[in-house]
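Thanks for coming. Please look at the structure on the screen while I go through a few points.

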Amino acid sequence: MRGKSLVLIAPAPDPAHQARVDAVLAHWDGDDRPPVRHLTFEQLLTDPTVLDHAGVAWVQVAGDAQTGLYTTIEQLQDRHIPTILTRAGQKGSAGTIYHEGVVIGPPDAPPEILCAMLRALWSQIDALQAMKVELKVLRAQHGGLCGQIESMDEELRLASQLQREFLPRSLPCVGRVDFRVLFRPAGYVSGDIYDVERLDEDHVAFFLADAVGHGVPAALLTMYIKRSLQTKQMITEPPGYRLIPPDQAMAQLNYDMCAQQSGKVRFATACYGIINCRTLELTFARAGHPYPLFLRADGTSETLDAQGALLGVFPEETFELARVQLSPGDRLLLYSDGFECAFDSSDKLAYLDQLKLLASAPVDEVMHRLSDKLDRQHGSLHQDDDITALLIHAGDASSPIEVDRQPVAVAMA
């Protein structure tokens, strides 16, 4: 309380106010009686710093004197100065709260009651001072945290933009083979990544990977995987190139990931394949990824197995090469494990029933229908995992041999 004073504030000096103050302070016995300082509304409005050493304020106003009152109350509240308001005609008993930090001291209240109120407020000055210091520190920390959060938000937005630049802007449609994709990150960035790339006149490579984990570390790993996957190899005799089979491409990618591990180990699941768009023969290899779903034109379906462990675990891991012969109307669906928890069901395999419905949907609508189904699920606004689905459709014999159409991927934020 050292250096603090009891500040008496009124619109203008008034003998009646002074008489009330004297009568009240006459009941203040002991050595802790505070020094008293008189201020007017005008002084306070002109120089608010006069409140810097105020411990407790007592505002006294005549019945009709309102000018400057509310501004004075606001300034006292801003500085967290406990205040008693005595105003003619003010309703409420002694101690009734008028505003935050302001209590009513009726003008007709006995002097000993008003004195007890002043002493009670005065005794809490040290605690209030400590709280003001803590509040000042918290506000400074809050300001710093807000700045950091805004910076992190901007960085995540930039990371999201960068990751999307790694995704294909459009999907090729070669011969009778068409591609569709749904991509829904759970946050700014995704632990899923996909790619569809035309390798030559007849072959198209497709790829889907899911890094274990979430957020920026998983997103960085997906971009590394995307850049590290080798699809072609240059040869000298005869000069040209050869397409790297999916099992060999996955083995090399796995070896590179294991070689790059330092400290914390990072894993990923993946499925990589190549389709001959002329013969509709498809080869693929998988690394711990959900089994591709084969949707036949006749309405039957099955999951396709090809053995292979997670990427980034065993440097010498080998991956099985699987072959599938598609017929006109058949479809192959690759998807990430986010679908397992996307559909509201106690049956962990219920999502497969939803995915099988994609066999009958028109190819131009299939991903939009799947997106609508996801939107109708409980908790769809706060999905637990990244969701990606890549559909390969083999058209019928009436489809043109070469199509220049470039269907755009369905990218859901």
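What volume does the largest pocket have? Before I answer, note that this is a predicted model. The volume of the largest pocket is about 280 Å³.

Next, the residues around that pocket. The lining of the largest pocket is made up of 13 residues. Nearest the centre of the pocket are Gln 77, His 80, Glu 100, Gly 101 and Leu 128. Two elements give two or more residues to this lining: helix H3, residues 69-78, and helix H5, residues 125-165. Of the elements, H5 contributes the most, with four residues. Sorted by class, the lining of the largest pocket holds seven nonpolar residues, four polar ones and two charged ones.

I will start with E9, which covers residues 203-211.

Which strands does E9 pair with? One is E8, residues 192-198, joined to E9 by seven bridges, and the two run antiparallel. Between E8 and E9 there is a hairpin of four residues. As an example of a bridge here, Arg 198 has Val 204 in E9 as its partner. Another is E12, where nine bridges make the link to E9, again in an antiparallel arrangement. In that case Ala 205 has Ile 274 in E12 as its bridge partner.

A pair of aromatic rings is described by the distance of the centres and the angle of the planes. The count of aromatic pairs in this model is three. Why is the pair of Phe 207 and Tyr 272 called edge-to-face? The ring centres are 6.2 Å apart and the planes stand at 65°, and the cut-off for edge-to-face is over 60 degrees, so the pair of Phe 207 and Tyr 272 is edge-to-face. Phe 207 belongs to E9 and Tyr 272 to E12, residues 268-276, so this pair links distant parts of the chain, 65 residues apart.

Are these two residues buried or exposed? Buried means under 20% relative accessible area. Phe 207 has 2%, so Phe 207 is buried. Tyr 272 has 1%, so Tyr 272 is buried as well.

The charged end of Lys 232 sits over the ring of Tyr 241, at 4.8 Å from the ring centre.

How values were computed:
Residues are numbered from 1 along each chain as its sequence is written. This is a predicted model: local features need pLDDT of at least 70, side-chain atom pairs count only at pLDDT 80 or more; totals for chains, interfaces and linings use all residues. Side-chain values use heavy atoms; hydrogens and water are left out. Rings of Phe, Tyr and Trp (its six-membered ring) pair if their centres lie within 6.5 Å; planes under 30 degrees apart count as stacked, over 60 as edge-to-face and the rest as tilted. Buried means under 20% relative accessible area, exposed over 50%, partly exposed in between (1.4 Å probe, protein chains only). A charge sits over a ring if NZ of Lys or CZ of Arg is within 6 Å of the ring centre and within 35 degrees of the ring normal. On a 1 Å grid over the protein atoms alone, a cavity is a set of points where a 1.4 Å probe fits but cannot get out, and a pocket is an open set with protein on both sides within 12 Å along at least five of seven lines; lining residues have an atom within 4 Å of a point. Grid points are joined across faces, edges and corners, and a volume is the space filled by probe spheres set on the points. Ala, Val, Leu, Ile, Met, Phe, Trp, Tyr, Cys and Pro count as nonpolar, Asp, Glu, Lys and Arg as charged, and the others, Gly among them, as polar. Two strands pair if DSSP finds at least two bridges between them.
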